[in-house]
Amino acid sequence: MSEDYNDNKTIQAQSSETMGGGGAGVTPDMDYVRPAEIADQDLYHGHSFITKWIFCQDAKVIGVQYFLLATFTGVIGLILSWLMRLQLGFPGAAGFMTAEHYYQFVTMHGMIMVVYFLTALFLGGFGNYLIPLMVGARDMVFPYLNMVSFWSFFVAVAVLMASFFVPGGPTGAGWTLYPPQTILEGTPGSGAGILLMCLSLILFVAGFTMGGLNYLITVLQARTRGMTLMRMPLTVWGIFTATVLAMLAFPALLVGALMMSLDKVLGTSFFMPTILKAGEVLEYGGGSPILFQHLFWFFGHPEVYIVALPAFGIISDLISVHARKNIFGYRMMVWAIVGIGALSFFVWAHHMYVSGMNPWFGFFFATTTLIIAVPTAMKVYNWILTLWRGNIRMNTVMLWCLGFIVTFVNGGITGIFLGNVSVDVPLSDTYFVVAHFHMVMGIAPLMVIMGAIYHWFPLVAGRFLSEKLGKWHFWLTFLGAYSIYFPMHYLGFIGVPRRYFEMYDSPYMTSTVGMNEFISLAAFLVGAAQFILIFNIIKTLKTGKPAGKNPWKANSLEWLTPTVPPEHGNWGDRLPVVHRWPYDFSVPGAKDDYITQTTPPSEVSNTGVEKT
Amino acid sequence: MSEPKLEGIELKPGFKGMAEDTGSDQTMFKGVHWGKAMMWIFLLSDTFIFSCFLIAYMKGRGSTPVEWPNPSEVFALDAFGVPVPLLLIAIMTFVLITSSGTMALAVKYGYEKNRKMCGWLVLATAIGGLTFVGMQAFEWSKLIHEGVRPWENPFGAPQFGSFFFMITGFHGTHVSIGVIFLFIYAYKVFAGHYDQQKRGWFTSMKGNYVEIEILGLYWHFVDLVWVFIFAFFYLW
């Protein structure tokens, strides 16, 4: 069995003498990099179809698996949103749609999109594929655990989907699952539905913990020679910090889901107060529903940043590469990511302003919420300053980046409205809230995902996605998304409540008919536009233009593998040695407009490059 | 899994050393095994789980309108006809903390490559853990016999039973998982898997005595959590 493992090929220390010539005045130790501290990683190479593609331990394959499964759940979430918009725009058009169904679709759409689509896609998909490549590791540090992580996610999705087919259907309590109504009769899916939801969440958290430990230790302990933390691409910083948040926030969700299941199955009263139903006192009593809200939002708010921070990181890299400029204020960007991550643990109760809190708590959480706008705004300024006077390539990737910045600023500004208690109270539970969070954590991260797909597809598949189809995809999505969510702000201002199945003959019904129809039509269009991407991918895999090595002329390590797409083990015989940060674009005096991370200083000693 | 090689790298003590390690390439925790770093971070995450449980318990105990039972009466055990408060819990705690001591010695002998001593001490730790779980099962059955259920109890607030069974159950699950692993590792030590660097059954990674220390970290954590549960549940 000895050929199964590449046994301890220790890294050949590259002495400075053997590295490229360099100009006059180059000191011999200019290219010095500390010797290897860790032996080369011992990898298990699969041989059969099953160990290579199904129970695979290669982080890149696991990343693609995560990506495909998350996309599948995302499409389900998309179809659910179509059904909801069909009901809202054209009440009664779908004959089978009852109020119960509507609530179930709202709930499942929310939970699927936030947890099973965005989180899994950013951390499981991009994290697995990019972290080892970007930090110069052969694989994740615990490949077996990583494989189990994906399959736990698979079971979690299967359990979630199973809830569509149990008696009573999936839970319809809203994605926040607030007790007591979640588990009381009368709420759709209050039987098997909510139990499967809790079980699925617990499985997701368990699976994610295994993956998260991998991401963290790979970044902390398995970087290649020369790769310091402050030379890592911001993508890795974003995913790393998001993973830290997840490791500390998911426990609250796990505990909440467990206690909720016990309330349902064993009849405990953790979250259940004394309840009168049709004049009769239920068996429950003495519990605290607010406790669940605290547990849920202690997870729920960091969750927003678990989605947003990887998006921030990825967008920084995309903008820098496609504007051919170094990222403006790299260190500021890193500290902003870390600062946002830390602050995100102190803002959760701004989701609970109307739940009944001590006003001083509202004051405290409003303050912390507004403080978090500071590092976030810094990031936006830095993206704009990176674009400023850049040599911008107006390709599909850049369009998605620009779309992201605009959308994110939009959603961020409405966040300032909702962060203030006195403004939030009238806007709470209206369509303004729906518009806000869809802009800021729905559409904006989605734009990043799309940009990232167009950017990294040539690496994963070796071919360029079609630019023509990509531009159609972008413009339909961008304009369509604005057509959906801009009018929604207005609906919120005039007071239309969210989560209502139908407005019946309230004044809202008559005055908003046209607008609701328009929003629904736009939603159908935007949803359909996403299938352009799927078509584009299938077409490209067959007939796309071959990309070759480093097609975007980027600097970071993932483009510098000996083979494209990278093979298991990533780097062939020898690990890369890093000499600089990944943002040396358009350096004055340099031969090309980019200097890769592995270029030793002696080769570019005649340029104006700064030491990083 | 890789052995750290730190020749030619001078490690500085204190805050300065920490800052230097953080700013350096390759690893942040110099010479620390990947699995060990992973266990520390996992335990941090697990700390948050138990904190959530205990905070929920405090909130639940504070908000229930019915009076909370007196733990020294509920958890008393008759010894020679005299009810002694917390007698069983004291013995359980003693056994668990003692098993932490044997675990620490097992780690020491493991690094000294003293296969026999290490194996016996891991086995002793496993037996200590098993005794703890056994006594917990006895305590549970005693309370159930007295009529305490997750949804009610004859002594007062129903949340008492809910939180008691949930939190000690969750901790007991941790101990049980630890015991299973301790038995497996005891077998692996006696069979010489760590001396021969035999590859693992699932992970196919080479065996190394550091695994004993990693399991030890988990075991000490489980004991530490028990101290908090003891303080919050039995003494408050």
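Reader: How much of chain B is made up of buried residues?

Author: Burial is judged here by counting neighbours, and a residue is called buried if 20 or more other C-beta atoms lie within 10 Å of its own. In this predicted model, buried residues make up 33% of the 236 residues in chain B, while in chain A 54% of the 612 residues count as buried.

Reader: What are the spans of chain B along its principal axes, and which pattern does the chain follow along its sequence?

Author: The C-alpha trace of chain B spans about 65 × 40 × 30 Å along its principal axes. The chain holds seven helices and two strands, and read from one end of the sequence to the other these give the pattern α-α-α-β-β-α-α-α-α. Of the contacts in chain B between residues at least 6 apart in sequence, 70% join residues at least 24 apart.

Reader: Into which domains is chain A divided, and how many residues of domain 1 are in contact with domain 3?

Author: Chain A is divided into domain 1 (44–274), domain 2 (304–547) and domain 3 (548–612). The centres of domain 1 and domain 3 of chain A, taken over C-alpha atoms, are separated by 35 Å, and 15 residues of domain 1 are in contact with 17 residues of domain 3. On the domain 1 side of this contact, helix H3 (residues 99–135) of chain A gives the most, with four residues, and the residues of that side divide into six nonpolar, four polar and five charged.

Reader: How many residues does each chain bring to the contact between chain A and chain B?

Author: Chain A brings 41 residues and chain B brings 45 residues. On the side of chain A, the elements that give two or more residues are helix H5 (192–221), helix H6 (234–265) and helix H7 (289–322), with the largest share, eight residues, coming from H6(A). The residues of this side of chain A divide into 25 nonpolar, 11 polar and five charged.

Reader: Is A:Tyr504 buried or exposed, and why?

Author: A:Tyr504 is exposed, because 9 other C-beta atoms lie within 10 Å and a residue counts as exposed if there are 12 or fewer. Its place is in the loop between helix H14 (467–493) and helix H15 (507–543) of chain A. From A:Val265 it is 239 residues apart in sequence and 36 Å apart in space, C-alpha to C-alpha.

Reader: Where in chain A does pLDDT stay under 50?

Author: Where pLDDT is low, the predicted coordinates should not be read in detail. The mean pLDDT of chain A is 91, and 95% of its residues reach 70 or more. Over residues 1–25 of chain A, however, pLDDT stays under 50, and for these residues the model has 41 contacts beyond four places in sequence.

Technical notes. Residues numbered from 1 in each chain as written. Chains lettered and ligands numbered in written order. Predicted model: local features only at pLDDT ≥ 70, side-chain atom pairs only at ≥ 80, totals over all residues. Contact = placed C-beta atoms within 7 Å. Nonpolar A, V, L, I, M, F, W, Y, C, P; charged D, E, K, R; others polar. Domains from an automatic or database assignment. pLDDT = per-residue confidence, 0-100.
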